[in-house]
Each structure stands twice: as structure tokens, then as C-alpha cells.
Protein chains: 2
Amino acid sequence: MDIEDTLLMIPGPVKVAPRVLRAMSRPMISHRSGDFSAIYSDCCALLRPFFETANDVVIMTGSGTVGMDAAVASTIGHDDKIVTISNGKFGERFAEIGERYGQVVPVKFDWGTPFDLEKVEAAVEGGAKAVAMVHNETSVGLTNPAKEVGEIARKHDALFIVDGISSIGGNEFQTDKWGIDIAITGSQKALAVPPGLAVVSVSPRAEERFLSKSGSYYADLKAHLKSARKSQAQTPFTPAVSLFFALQEALHMAEEEGFAARRARTAQQAESVREAAKALGIDLFPRVNQHSHYSNTVTAMKMPEGVSDDKLRGGMKKRGVIVSGGQDLIKGKIFRIGTSGADTGPGGQDRLLRRWSGGGEPGAIQIIFFQPPGLNRHD
Amino acid sequence: MDIEDTLLMIPGPVKVAPRVLRAMSRPMISHRSGDFSAIYSDCCALLRPFFETANDVVIMTGSGTVGMDAAVASTIGHDDKIVTISNGKFGERFAEIGERYGQVVPVKFDWGTPFDLEKVEAAVEGGAKAVAMVHNETSVGLTNPAKEVGEIARKHDALFIVDGISSIGGNEFQTDKWGIDIAITGSQKALAVPPGLAVVSVSPRAEERFLSKSGSYYADLKAHLKSARKSQAQTPFTPAVSLFFALQEALHMAEEEGFAARRARTAQQAESVREAAKALGIDLFPRVNQHSHYSNTVTAMKMPEGVSDDKLRGGMKKRGVIVSGGQDLIKGKIFRIGTSGADTGPGGQDRLLRRWSGGGEPGAIQIIFFQPPGLNRHD
């Protein structure tokens, strides 16, 4: 199999458009040049509306996790308390990060189940410098109630930190309206850039409460803001210049599609996956309620009875479609299909339908993606 | 000016070969796939001889600084002492990093002057868990005595951490023979890959003395080693996949040239720059002695009297040649020419000579790079 000729439908990294790959492969330039500064500034100008924020944003070189790390390390000192809410792998990561720098008050829910907001408020009432949560829990396909938790954080004067890595640009995400002091995304999700950049927005309120020095040298929001605010925007350490080329191109591509249009398309694709699952008798994994919804960027489904992860994902892979399995404690029990990123066009959809129209490998399952709900795939 | 059509001669990022740019622009793959693991393993197999080490190496997503941060954060706890030796910007960075995690014993020398090894030993004798130094001080163009400091560290049973970011692959650098427990490089120097990856080698001795948990969540060598040692090599957080594509190609390119041949070529190019400076009456910036040498990867020269940084580097830029200025306290007082990276071939050299053969802009200086010492450029 040509590993390059696949339909990559994992929650991220997502497929990167050829025009973005071409932009990325431009010859190297100095990271201390006006040319680089202009790219950085252009990216930030587009990232603010992408985040729906008037706050400053910084771009860090690293995975999305470096942004989560920077948010916590820059605000939580040894004696500071941080409430971390989790119902999946990445919520738990916030607790692990918090433990490196300060005092963690964990509020844990079973993977894939909604937050109990009363339990959250009870924890925050106890006093905390910050509350951290994941908006879109990639590991379980559930979108958590950021707006509601934001209200609790504000009521108790805590900073509000939100991992929006697999969410911003794919799901609805209103940084300022929801009172998010520090929001984080990664380049490899809805932005549809290769992984390696984290974007972090920082409110003035967060900045006022920064530690004098971040607990981490590299993951330091104050240092990144200081460099970004120079008359010519810079980064404190040598940035991944090629990924900035890619990010700039991808942001212009997203702006051309329209940020709202991209979210609507992502929602429609996820709806198609959910409809297909329903038609095939496959159960969705997460439990939802009035505040917690099926994610539009990643759909997590229970592995059908009698079908192994190997058979299902292996069969799909043979047909050139790459999807994700479960992580950690739900490994082998679920599989996940990502619907985030740039528009791969009808070509991509047709290709997928062709691959799946001929009947599955033994044990594999035909799933009809991208088809408007209610329509037969042969219509 | 076409910013892509320049001769990039800064200490890094360096020019990236077209075949590496093409490899980098391959379509995205899953970072949890066997395909990615194979690339990671292939890179490590080539990086060990590149570092001249039998130790394990890990590849981190971030600038070279994340590797320095990881080395210190993984070994130095709150009450641990680290001796940091500095004679330039990056040596001072080790002290700044050390202050975030433990107790720093700084041994400071004037920028661009050699280490006094007796002062180093006096500091280490006082007891320290680690000694950290920069092998090639990029900011001043000086190669520091790693072998000699390594002997001091070993004698006093301290771990030896060396920033080899602008050195490994360009200067002679013998990780194991010099007793280096943790060596660090960045992708954008002698490897001639775009910036965004740090490579770190770790000795068993260092690993035995790791803290139970790194002081930084993201910059955590233990976590990176654990993931790299899985039956299929992985990274703990989503890696910059495209930069791994580039690194793999660049390592094969370096292996084809020969690691020793690349170092010899780099040395010859630096020698040409030094000869040209001498012929033009331009003084080299650093002071050298029997242990400390002019760098082969970056030549730092004093700004000629009456010539401003703007005039000199601005004039060069107009002619399509990008070089670096001084940093921090020697800004405007020196300029620096990088000679590291892949072989850009005689085309690059001819191009440079053509650009410089017609007489300089007012205030700019003709420098003849890449020409064997002693030969007239028209021979």
C-alpha cells in the first residue's frame, strides 16, 4: 500500500492540503528577520477571530501539550491550587501537569460521561487559583460544557484554562464570551497544519496573575508574550519556521472557506458519521446530556461485539482508510473517526465511498461517511 | 528582492536542501502508526553515530532549548546544585534554566573569552549533581573545551550536560569519549533540517540519577525515553511528523556525504572565512587558547571601525546574502557568518562569489567565502 495515498481520518494530525504542504516547503529564512516577523503577525491577526478573542495570542513550537504545560506552569506555583476536571485522557493530563507545579484538586468523572456541574462548583468553592478543563475530550468524543464551567470559575474568581486543541475551529468555541483566560489549540487539528505548533491566547486577567517566573523554562507564556510584542514579533527560542509558513497558508485557506462555514461543514460530516453508525447498529461511546454533546471533530464508537480492533481498523487500513482506536483504559473497546480539518473536497468523499461500496473485509464494517443524513449512499 | 533566493549564512537555521524540503512535504501520516515508528527508529540509528555515542537518543518537538530544558529539569531538583559555565548567551541560558529547577553555581567568563579550567574545577569541587556547558558558543564563535570539563565532571562524580546545538555534526564532538551524559543538538544546524526538533542523547549514568519526575511536564527525558523504547518507537506527545520526514532524509544525505567529510568541509569553509577576514583586516571576535578554538560552524568578527551593523548586514542583504549580527550585550559590535549544514554545492559558492565580485555597497565589505585559503578568488 502507498502510505501516502490514504484517507487519514484520525482526530489529528489531519490531512494537510497540498497548497499548505507547498507553502511549508519554501526555502528557509532567518527567524530573526522582518520576513519572519511579518508571518508571525499575520498569523496572530487571523488567529484572534479563529479563537473568537480580542486577547493576545502566542505561537509556541511544540505539540499542543506544550501549550497546556505553559498555561499551568505560568500560573500555578507550589502552593497554588488548580481544579482539574476530567472525563478522559486529556483531562487527566491537566491533573498530571498540575502535579508538577502546584496543588491539584482533581474532579474526576468516568471516561465518556458528562461533568456533574455541582461537583465542579463544590471543588472550585474550596478556593483555587485556576480551573482547567478540556473542551473537546478527544479520547472519548465528548464536548464538555466550557461556558457553564467558565461561569463557575468567574463566580469564584478563578482563572479559567481550556484545552481547545481538538475543538477550536471545529466545534463552536467562544474564548471571550465564555470567559476563557487561557485557551490552547494545536496546529494539527482544525487548522489542518502538520503538528508542531501550539497556539495559546492569554487574557489580561491571566497575565496579571502570572507567576513572576514560569515553573517551566521552555513552557513560559510570559517570555512568549514579551517576544511577540516586540516592534517586530519574535519568539523567545528558535521557532519551527517551516510550520509557520504552513500555518499562515492554512489560516488564509480557512478564512477563504470561512471559519463558521468550516465549523458547519465539520458538524455536518460528524452528523453523517453518527447517522451511519446508527444505521449500522453501532453504538456511540460517550454519554451526553443537556450540557455535554457528541463531538463534531471526533466520533467515538463502541467496538461492535465480536469484532476486534485489529480486524476493524486493520480492515479499514487495507482499504486505505486510517481511523483511531481507543487509548489507555478503553484501548480495543472503542474506535474513533475524525472529521476535523480543511475541506478535502468531493474527491475525498467520493474516494471514500468508492473504497467502502464493495463490501467489507471479513470483520470490517462498512461505514458511510460524509453522506447527508437520510440519504442512501447510492442516491 | 525574492526572499527565497538568498544565500542564508546565519548560524542556524541553515539552508535546507531541496530533497529535504520535498521529503518534508509528504502527506501527513498518523503519529501512532508503524510507519512513523519506523522513521523514528531509522533516525535514531543514524543519530547515534552522528553523536558518536552508544547511548539512547530521543527526539523532542521544540527548539534546541527544549532539549537543554529537559536535560536540567530531568536531573536537577530543588536542592540539587548545577555548575553552569558561560562565556556567551547560551551558556548564560543554562544558568537561567537551572534557576527554575534547582541551585545554580555560575562560573562566568567574559563573552568570547576562554574558560579558566581551574575556576571550573574549584566550582565543581564544591559539590554538584551536574555540570553544564555549551560546546560551541554560537553567540561568540568560540568552541569550548568539552573534553577537559568532562574530565573534571567525572573526577568529581557530577553528571556532564553539553549543549552541542550548533556543534554536533559541524565541529568534532565525541559524546562517549568525552564522557558526556546528556548531549543536545537542534535540527536546524549541522543536520540542515528546518528548526523544530531537538535531539538528546542520554547515558545510563544520567538515567540512574534522573529525578523521579522531571521539573517540567513537557521537557521530560524519562517520558521521552519510555515512549521511544516501546516495541514501536513513539513520542509521549504528538510529534512534528513533517520534521521527522525531513530529519530522516537529511540524515541519509549526511550519511552519504559522510559525517567526517561534512565536518571536514565545514572546517574548510570556516577556514576560508577566517582567511578572508584576515586579508580584509577584519578582527575575529573571540579570544582563543590551547583549549578553546575558533568555531568551525560560526565565525564571529568585530564590526570594522566606522561601519554600522545596518550598513554591513543591510548591504549584504541587498546582495542576497544573509548573515547574523551580535546578540544582547554585543549587539552591533560583531557580525557572524555560519558555515554549517549540508553541502550547497559549487553553485552556491559561485553564486556567492558573483555577488561579491563587483565591489560592495557603500560601507559593505567584500568577503570571499568558500575559497581555499591562499588562493585568489579569480584563480
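How many residue pairs are in polar contact between chain A and chain B?

What I am showing is a predicted model, in which local features need pLDDT of at least 70 and side-chain atom pairs count only at pLDDT 80 or more, while totals for chains, interfaces and linings use all residues. Residues are numbered from 1 along each chain as its sequence is written, chains are lettered from A in the order in which they are written, and side-chain values use heavy atoms, with hydrogens and water left out.

Chain A is superposed on chain B by a rotation of 180° with 0.0 Å of shift along the axis, at an RMSD of 0.0 Å, by least squares on the C-alpha atoms of residues with pLDDT of at least 70 in both. That is the relation of a two-fold axis.

Taking contact as heavy atoms within 4.5 Å, chain A contributes 51 residues and chain B 51 residues; 100% of the interface residues of chain A are also interface residues in chain B, so the copies meet through the same surface.

Now to the opening question: there are 14 residue pairs in polar contact, both at pLDDT 80 or more, where a polar contact is a pair of N or O atoms within 3.5 Å, one able to donate a hydrogen and the other to accept it, and residues adjacent in sequence count only if both atoms are side-chain atoms.

Between the chains the count of salt bridges is two, each a side-chain nitrogen of Lys or Arg within 4 Å of a carboxyl oxygen of Asp or Glu; one of them joins Asp220(A) to Arg100(B) at 3.1 Å, N to O.
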